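Work through these exercises with the structure open. Each task is followed by a solution in steps.

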Amino acid sequence: MAKQHQEANFPIFVPMETLLSLAIEAALEAGIIIMEVYATPFDVYVKSDASPVTQADLRASNLIKEMLETSNLPFVSEEDLPGDRSQFSRYWLVDPLDGTQEFVNRNGEFTVNIALIDEARPVLGVIYAPVSDTLWYAINDKSVRKVAMVHDSRTFALLDCDDWKNAHKPETSRPFTVLVSRSHRTHEVDDYIDKYLRPEHPDLLIDSCGSSLKFARLAEGSADVYVCYSKTKEWDTAAADAILGAAGGKVLRISDGLPLTYSKEDYPNPPFVAYAADL
């Protein structure tokens, strides 16, 4: 069972660190529920867009919504979409279980994603991987870029972008590493790699990974590029976009090289490429 959480509403204006702390608590509590379902036989349903959903998705979404509503900010989730979000200048954007297919396949590569969107930009992000009990979180609000990773601990500590990059420099001994989706790799991804990346890095390594863990690896410096042509939605990328941006990386649309945009009329993302810091 999830522990009792804070019930009192926050004032309208609160520090980003306070909102981040709330999002971290919500992600951890959602992880408990997800792992409870993961440990038992569970049913898999198919949504109208042919994507899978389980009780873990739904229960985690409801819990996160309940916890985040104390912030007095609107809530948007993959499993709880408003009829119209155009009036929201600042709101939570949540994927309660990113990598449902990985969850169904029981390979452990799924996460809880919580982002804060402000004026169509992800300015705060939390990714929690329940199986490894690892958190990545960041504030990427205008001139403030701070990020942290925590494994098997609840220490709340943020590093400035430059300090993070110095602590997570890519290993010079490893090959140039390109990440692709474990469950949704397409031929366009391979074509992009062969045309744009392999000429400069003929000995590149292609590695597969599920959910937003690919972005986390870029932020940590254990990989260099993530190429995505599969069907993703804003909630799949928002938290990771904030974290990678705070770590000095970037997520760009393949069509024009501009950053991904949020708060669009609809939720699908275009094909994109994510880069680690200094690439």
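**Exercise 1.** Find which residues lie nearest the centre of the largest pocket.

Solution. Step one: take the lining, which has 35 residues. A pocket is an open set of points on a 1 Å grid over the protein atoms alone where a 1.4 Å probe fits, with protein on both sides within 12 Å along at least five of seven lines; lining residues have an atom within 4 Å of a point. Step two: pick out Asp98, His184, Lys231, Thr232 and Asp236, which lie nearest the centre. Step three: note the volume, about 700 Å³.

The model is predicted: local features need pLDDT of at least 70, side-chain atom pairs count only at pLDDT 80 or more, and totals for chains, interfaces and linings use all residues. Residues are numbered from 1 along each chain as its sequence is written, and side-chain values use heavy atoms, without hydrogens and water.

**Exercise 2.** State how the rings of Tyr38 and Phe110 are arranged.

Solution. Step one: recall the cut-offs. Rings of Phe, Tyr and Trp (its six-membered ring) pair if their centres lie within 6.5 Å; planes under 30 degrees apart are stacked, over 60 edge-to-face, the rest tilted. Step two: apply them. The centres are 4.9 Å apart and the planes stand at 65°, so the Tyr38 and Phe110 pair is edge-to-face.

**Exercise 3.** Which residues do ring pairs link into a cluster with Tyr38?

Solution. Ring pairs join Tyr38 to Phe42, Phe103 and Phe110 in a cluster.

Conventions: Grid points are joined across faces, edges and corners, and a volume is the space filled by probe spheres set on the points.
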